[in-house]
Amino acid sequence: MEFRFTPEEESFRGEIREFLRRELPADWGGAGALGEADEDRWQFLRSFQRRLAERKWLTLGWPQEHGGLAASHMMQVIYSEEMTYFRAPTQIGVGPDRVGPTIILYGTEEQKRRHLPGIAAGDTVWCQGFSEPAAGSDLASLQTSAVAEGDFFVVNGQKIWTSFAHKADWCILLARTDPEAPKHKGISYFLLDMTTPGIDVRPLVDMAGRHTFNEIFFDNVRIPRDCLVGELNRGWYVAAATLDFERSGINRVVTGIRVYEDLVQYVAQSQQDGGRRLPDDTRVRTKLAELAIEFQAGRLLAYRVASMQARGQIPNAEASMSKLYGSELQQRLAGAGMEIMGMGGQLEPGSPWAPLQGRVEAFYLLAVALTIAAGTSEIMRGIIAGRGLGLPRG
Ligand SMILES: Cc1cc2nc3c(=O)[nH]c(=O)nc-3n(C[C@H](O)[C@H](O)[C@H](O)COP(=O)(O)OP(=O)(O)OC[C@H]3O[C@@H](n4cnc5c(N)ncnc54)[C@H](O)[C@@H]3O)c2cc1C
């Protein structure tokens, strides 16, 4: 692994910073509660996407013939690092980083012509309809069915935890097309227009009060045959490719670094805590020092994933290590923040007395989901044990 960035990479970093300083509002604190009533905020996010698209930054890693910049993995890491640090909205939904690359790999020429330009331009929002109430970690157990009927597949069933389904124009959908086959071999992968009759999207509000994910119910939803991606009953392998486009995980670490810096500033400026200044408290100083070291380790784990990708290797246990460490580190940071801030830390964003505008409180609640989304910690540990350490399955 090379521990320095090239001059070209450093110059790209500078270009991104300059762009973000110019384009983001001066008081920008992050995308926050997407999908809530604030229409102006939503419109800002949409127009920001289009500005990223104009520079081809939404599709940084796509091949040039499909509207991308064919940027290296390291360039993509730098982009993700800077965008996350400035709390900029990188993309809405899963179009640019998951759907586009999957269509490039498995889609028909017609699917490419129809969908790639809208994704690259930041015009279409996509959601990922994979998980079901009884199929999350064991995704291959999914039960939503798609039955062939003439030129259509008729879909019935339910999805859950579908982020941005309430805002999405299209959905990548996994459904069972052969109930008799072994479970991995009877699944197909579809592109579903969310305006199709028979789709019912119901909100799920998380414990931070945000509406980002949803349940989706399908009642005789008719998907045209030409919306099938890849071969019939081979959708499991297409889905595996979609999930493989998950990146190095640098964004997880950098989100935390930003909150960490806020916390350090809070401690430095705080006056009293029961008669004692927080910066003089050895426990606080030690905790902050430990976290600083852990963030450095988290950053290097993420760089290692990108560095392997850059050399044409496929990170497997290494990507799981980055995911596990980065997500659990954020929870440790959130816990430390709440302890250091004491009772005041529990005040929500919007409260005039909330330290750091309630950002640590919000982070504490949101961090809970991080060890579940994109693979739980137990699943990550299983991968590290099996594929990384070569241990036998339990
Ligand atoms: C914020 C957020 C956004 C999400 N967005 C989407 C989305 O847009 N689209 C989508 O399709 N899904 C989405 N999900 C769903 C996510 O992929 C699943 O929640 C995740 O895969 C876990 O599945 P599950 O919730 O069914 O839990 P389960 O798989 O039922 O797991 C329950 C518990 O059992 C443990 N467990 C399960 N299997 C094993 C095993 N083999 N070994 C050891 N322990 C095990 C798990 O670690 C967990 O602790 C989202 C989830 C979150 C939290």
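## Ground rules

Residues are numbered from 1 along each chain as its sequence is written, and side-chain values use heavy atoms, with hydrogens and water left out. In this predicted model, local features need pLDDT of at least 70 and side-chain atom pairs count only at pLDDT 80 or more, while totals for chains, interfaces and linings use all residues.

## H7 against H9

Start with helix H7 (residues 250-269) and helix H9 (residues 317-341). Helices here are DSSP runs (H or I, at least four residues), numbered from the N terminus. The axes of H7 and H9 come within 9 Å and cross at roughly 20°. Axes are lines fitted to C-alpha atoms over the stretch in contact, and angles run from 0 to 180 degrees between N-to-C directions. H7 and H9 are therefore roughly parallel (an angle under 35 degrees). Their crossing is left-handed; that is, the near helix is turned anticlockwise from the far one by less than a right angle.

Contact means heavy atoms within 4.5 Å. On H7, the contact residues include Arg252, Val259 and Leu263. On H9, they include Lys323, Gln330 and Leu333. The contact of H7 with H9 has nine nonpolar, six polar and two charged residues. Ala, Val, Leu, Ile, Met, Phe, Trp, Tyr, Cys and Pro count as nonpolar; Asp, Glu, Lys and Arg as charged; the others, Gly among them, as polar.

## H9 against H10

H9 also packs with helix H10 (residues 359-367). The angle is about 145°, and the axes are 9 Å apart. This crossing is left-handed too.

Gln330, Leu333 and Met341 are among the H9 residues that meet H10. Their partners in H10 include Val360, Phe363 and Tyr364. By class, the contact of H9 with H10 holds eight nonpolar, four polar and one charged residues.

## H4 against H6

Helix H4 (residues 95-106) and helix H6 (residues 235-244) pack at about 135°, with axes 9 Å apart. They are therefore oblique to each other. The crossing of H4 and H6 is right-handed (clockwise).

Arg98, Thr102, Leu105 and Tyr106 of H4 meet residues of H6, including Tyr237 and Ala241. Six nonpolar, two polar and one charged residues make up the contact of H4 with H6.

## The ligand site

The ligand is surrounded by 15 residues, each with a heavy atom within 4 Å of it. The closest are Gln128, Ser131, Ser137, Thr376 and Glu378.

A ligand nitrogen is 2.7 Å from a polar backbone atom of Gln128. A ligand oxygen is 3.1 Å from a polar backbone atom of Phe130. A ligand oxygen also lies 2.6 Å from an N or O atom in the side chain of Thr376.

Terms used:
Helices (H or I, at least four residues) and strands (E, at least two) are DSSP runs, numbered from the N terminus. Angles under 35 degrees count as roughly parallel, over 145 as roughly antiparallel, 65 to 115 as roughly perpendicular and the rest as oblique. A polar contact is a pair of N or O atoms within 3.5 Å; within protein, one must be able to donate a hydrogen and the other to accept it, and residues adjacent in sequence count only if both atoms are side-chain atoms.
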